[in-house]
Amino acid sequence: MLINDDNKTIRVSSRGTEFLGHCNHEEADTRLILHALQFQSDVVVVCKDTDVDILMIWAYHKFNIDKKWFVKYDRDNYADIGKICDHLGSDICSNILAFHAISGCDTTSYMHRVGKVRIMKKLMKEPSLSCLLEPLYHNEPLKIEDAFDVVEFVRSVMY
């Protein structure tokens, strides 16, 4: 269990307590990922938030994690994030944050009558379409020609 107090995070386990360091992330979602990345052992996250699941998939793929990450999704059921990444493939895992944001998350609304499942099924058939979202990751203003790629994603995948 993690306890946060004034930018300090403490892990509580059967072996006692451990200070994990300072963290200035305001969102618990990203704190979970940051601390999961610091653990030298397997990680189990118990959370019923799709945003956390998406962040875990992206981070596991991005940082090439060599330990097991699990998310508890039901009473006694656990999903192996590594197996999910293998199933989704590199293109989708690399762009899953943009996919999640554009299709609706905690901070953005979803598009009318367009559900994540339908979009994901299309992406699973043609994973390279997720690369149309790559311009959203640049640390510079979006160029007009890059915006056309994002529009093409919405046109071809979402509608």
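**Exercise 1. Determine how many salt bridges the chain holds, and characterise each pair.**

Solution. The count comes to 3 salt bridges in this predicted model.

Step 1. D80 pairs with K68, and their closest N and O atoms are 3.1 Å apart. This pair links distant parts of the chain: D80 belongs to strand β6, K68 to the loop between α2 and β5, and 12 residues separate them. D80 has a relative accessibility of 11% and therefore counts as buried, since the cut-off for that class is under 20%. K68, with a relative accessible area of 37%, is partly exposed.

Step 2. E140 forms a salt bridge with K143, with 3.5 Å between the closest N and O atoms. E140 is partly exposed at 43% relative accessibility, and K143 is partly exposed at 41%.

Step 3. The side chains of E152 and R155 meet in a salt bridge at 2.5 Å, N to O. Both residues lie in helix α6, 3 residues apart, which is about one turn of the helix. E152 counts as partly exposed, at 29% relative accessibility.

Side chains of opposite charge can pair when their charged atoms come close.

**Exercise 2. Describe how strands β5 and β6 are joined.**

Solution. Begin with the order of elements, then turn to the pairing.

Step 1. The chain has 6 helices and 6 strands, which run β-β-β-α-β-α-β-β-α-α-α-α from the N terminus.

Step 2. β5 and β6 (residues 77–80) run antiparallel and are joined by 4 bridges. The two strands form a hairpin with 2 residues between them.

Step 3. F70 has D80 in β6 as its bridge partner. D80 also takes part in the salt bridge with K68.

**Exercise 3. Identify the residues and elements that build the largest nonpolar core.**

Solution. Proceed from the residues to the elements.

Step 1. The core contains 36 residues, of which M56, W69, I81, F99, L123 and F153 touch the most other members.

Step 2. The elements that each supply at least two core residues are α1 (28–38), β4 (43–46), α2 (50–62), β5 (69–74), α3 (81–88), α4 (90–103), α5 (116–125) and α6 (144–158). The greatest contribution, 7 residues, comes from α2.

Step 3. Beyond its neighbours within four places in sequence, W69 is in contact with A36, L37, V43, M56, A59, Y60, A79, D80, I81 and G82.

In soluble globular proteins, nonpolar side chains tend to be buried together.

**Exercise 4. Decide whether N95 is buried or exposed, and list its contacts.**

Solution. Locate the residue, classify it, then examine its surroundings.

Step 1. N95 lies in helix α4.

Step 2. N95 has a relative accessibility of 2%, so it counts as buried.

Step 3. Apart from neighbours within four places in sequence, N95 is in contact with S130, C131, L133, E134 and Y137.

Key: Residues are numbered from 1 along each chain as its sequence is written. This is a predicted model: local features need pLDDT of at least 70, side-chain atom pairs count only at pLDDT 80 or more; totals for chains, interfaces and linings use all residues. Side-chain values use heavy atoms; hydrogens and water are left out. A nonpolar core is a set of buried Ala, Val, Leu, Ile, Met, Phe, Trp, Tyr and Cys residues joined through side-chain atoms within 4.5 Å. Buried means under 20% relative accessible area, exposed over 50%, partly exposed in between (1.4 Å probe, protein chains only). Contact means heavy atoms within 4.5 Å. Two strands pair if DSSP finds at least two bridges between them. A salt bridge is a side-chain nitrogen of Lys or Arg within 4 Å of a carboxyl oxygen of Asp or Glu.
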